[in-house]
Amino acid sequence: MSAEQNFSNAKFLTVAEVAEVMRVSKMTVYRLVHSGEMPAVRFGRSYRVPEKAVEQYLKGAVVDGGHSQASETA
């Protein structure tokens, strides 16, 4: 599968849009991108984040509020 086919249906979000969806600051999104925790594509001086990457990041960031490691070891 070529790269052209991979991105033909992809929707990209700006850093500001990602920050709004996640309800965090733009700087937080930049930190996630620069650390490699959130994939992004650079266009000139701007970054664009695939919408699917935001969805996957949020799914992976779900916290189980009922349990913590500290309570399990006590």
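The side chains of Glu55 and Lys52 meet in a salt bridge, with 4.0 Å from N to O, where a salt bridge is a side-chain nitrogen of Lys or Arg within 4 Å of a carboxyl oxygen of Asp or Glu. This is a predicted model, in which local features need pLDDT of at least 70 and side-chain atom pairs count only at pLDDT 80 or more, while totals for chains, interfaces and linings use all residues. Residues are numbered from 1 along each chain as its sequence is written, and side-chain values use heavy atoms, with hydrogens and water left out.

The structure holds one salt bridge. Side chains of opposite charge can pair when their charged atoms come close. Because Glu55 and Lys52 are three residues apart in helix H4, about one helical turn separates them. Lys52 is exposed, with a relative accessible area of 57%, whereas Glu55, at 34% relative accessibility, counts as partly exposed; buried means under 20% relative accessible area, exposed over 50%, and partly exposed in between, with a 1.4 Å probe and protein chains only.

Helices (H or I, at least four residues) and strands (E, at least two) are DSSP runs, numbered from the N terminus. Of the 74 residues in the protein, 19% are buried. Among contacts with a separation of 6 or more, 42% come from residues 24 or more positions apart, a contact being heavy atoms within 4.5 Å.

Helix H2, which spans residues 15-22, has Val15, Val18, Ala19 and Met22 as its buried residues. They cover an arc of only 100° around the axis, which puts them on the same side of H2; the arc is that of the directions from the helix axis to the C-beta atoms. The exposed residues Glu20 and Val21 are carried on the face of H2 turned away from its buried side. On the buried side, the partners against which these residues pack are strand S1 (12-14), helix H3 (26-35), strand S3 (46-50) and helix H4 (51-60). Just after H2, Arg23 takes a positive phi of about 55°.

Two of these partners are helices, and their geometry relative to H2 can be described in turn. H2 and H4 pack at an angle of about 30°, with their axes 11 Å apart. That makes H2 roughly parallel to H4, and the crossing of the two helices is right-handed. Axes are lines fitted to C-alpha atoms, for helices over the stretch in contact, and angles run from 0 to 180 degrees between N-to-C directions. Angles under 35 degrees count as roughly parallel, over 145 as roughly antiparallel, 65 to 115 as roughly perpendicular and the rest as oblique. A crossing is left-handed if the near helix is turned anticlockwise from the far one by less than a right angle, and right-handed if clockwise.

Where H2 and H4 come together, Val18, Val21 and Met22 in H2 meet Val54, Tyr57 and Leu58 in H4. Leu58 is partly exposed, with a relative accessible area of 36%, and its C-alpha atom is separated by 8.1 Å from that of Met22, 36 residues away along the chain.

With H3, helix H2 packs at an angle of about 110°, the axes being 8 Å apart, and the two helices are therefore roughly perpendicular to each other. Here Val15, Ala16, Val18, Ala19 and Met22 in H2 meet Lys26, Val29, Tyr30 and Leu32 in H3.
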